[in-house]
Amino acid sequence: MKKTTQPLLEEYQLGDLTLKNRVVMASLTRGRATNAGIVPTALMAQYYAQRASAGLILSEGTWLSPRAIGFINVPGIFTREQIEGWKLVTKAVHDKGGLIFSQLGHIGSASHPDFFDGELPAGPSAINPQTHSYTPEGFKATLTPRELTVAEIKETIQDYRQAAKNAREAGFDGVEIHAQAGMFIPQFLSLATNQRKDEYGGSIENRARIVFEILDAIIEVWHSTRIAIKFTPVALSHVGIVIPDVETIPMFQYILKKLNDYHLAYLHITGPAEDLTGTPVEALQNNYFSHFRHHYNGRLMANLGFTQESGNAILQEGTADLVSFGTPFIANPDLAERFKYHLPLSESNRDTYYSGGENGYTDYPAAVYDETIAQLDKADAEQRLDC
Ligand SMILES: Cc1cc2nc3c(=O)[nH]c(=O)nc-3n(C[C@H](O)[C@H](O)[C@H](O)COP(=O)(O)O)c2cc1C
């Protein structure tokens, strides 16, 4: 293994995959699948290939079925054309020596009838998640959804399985289940949006059932070490009423205990963006990632607000195994290399986060380092010889 003083830049063995560093590109919805079939494009392939120096890329949240949709110009992975489009992306990343997982997303009740020919979206219970859906006509307030039948829940679980299978066919190296706050899975975990009276509602065990049924279905098509899941247990804003409740901490303790038997690629946890004081998850304020580390035996990927310094520190202290970066990857396609050579980071333009074609997407250059890097590499090699 190449010796380095930055844990972020160390090679890392993720099951049978060798990551060239521990800098992971977190999923970023960029709204560039601007075609009727929400098919990944050559531009998207270029964008991901530019970021292939990350140890692992997580694709943008990708709709796993037509019923999963709830945000415009986000690609799917449920049609033949979409699978073919993703092949362009995975090939481009692999050709550059990168690795890429597909993030499988379902927005559940936080969608809008505009996506379903006027029909209501569905969720665990007929309760308005009180958030917004980005429709072709702009942001619209969510409505009271329809409650899913048990048969529909089982079908949705099969949709996850099929999408995971499609991801395999499309050449992805694995899948990450998108269970960030506000999405389909957290709508089941939350006391506010799940008031079902059957085996998917009520107790912690019942509300968490969906997580394990989805994992069990995906394990039929991928080895467990190629499957991951991403949670944001403490999101407080932009997620409507799916916010931490009095059962969030015991809920996650239960989930983590069970996940210990799954031997997943990793558990991806997004940290708190806000002060947790006075919230039901206040106890996590000062020991957030170590709490998850304590309850989970497998690999932990930490996310939210990390910098080169704090990313190296959390790995150094052993509280996480991998660190993911979201926003920094928008304007710094070569983030890992900038860390390596301590080069300054560029700022991204928020106006082009979700639209703008190549503008603010593929036009952020790698740092001007061709010559600089050659010199730094030479100096690095000389220094090593001196040691
Ligand atoms: C433009 C944008 C789009 C995002 N899209 C997704 C997404 O599709 N799936 C997901 O899990 N998180 C998504 N996120 C959240 C990021 O993956 C990450 O969790 C968040 O930005 C915090 O990491 P950071 O502080 O390094 O940016 C998005 C964030 C941004 C800024």
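In this predicted model, a polar atom in the side chain of Asn303 sits 2.6 Å from a ligand oxygen. Gly305 reaches a ligand oxygen through a backbone N or O atom, also at 2.6 Å, and a side-chain N or O atom of Thr327 comes to 2.5 Å of one. The protein covers 85% of the 610 Å² of accessible area (Shrake-Rupley, 1.4 Å probe) that the ligand has on its own.

Around the ligand there are 19 residues (a heavy atom within 4 Å), and Ser27, Thr29, Asn303, Gly305 and Thr327 come nearest. By class, that shell holds 11 polar, 7 nonpolar and 1 charged residues, with Gly counted among the polar ones.

As for annotation, UniProt lists residues 12-345, in an unreviewed entry, as "domain: NADH:flavin oxidoreductase/NADH oxidase N-terminal"; such annotations may be inferred rather than shown by experiment.

Numbering runs from 1 along each chain as its sequence is written, and side-chain values use heavy atoms, leaving out hydrogens and water. Local features need pLDDT of at least 70 and side-chain atom pairs 80 or more, while totals for chains, interfaces and linings use all residues.

Key
A polar contact is a pair of N or O atoms within 3.5 Å; within protein, one must be able to donate a hydrogen and the other to accept it, and residues adjacent in sequence count only if both atoms are side-chain atoms.
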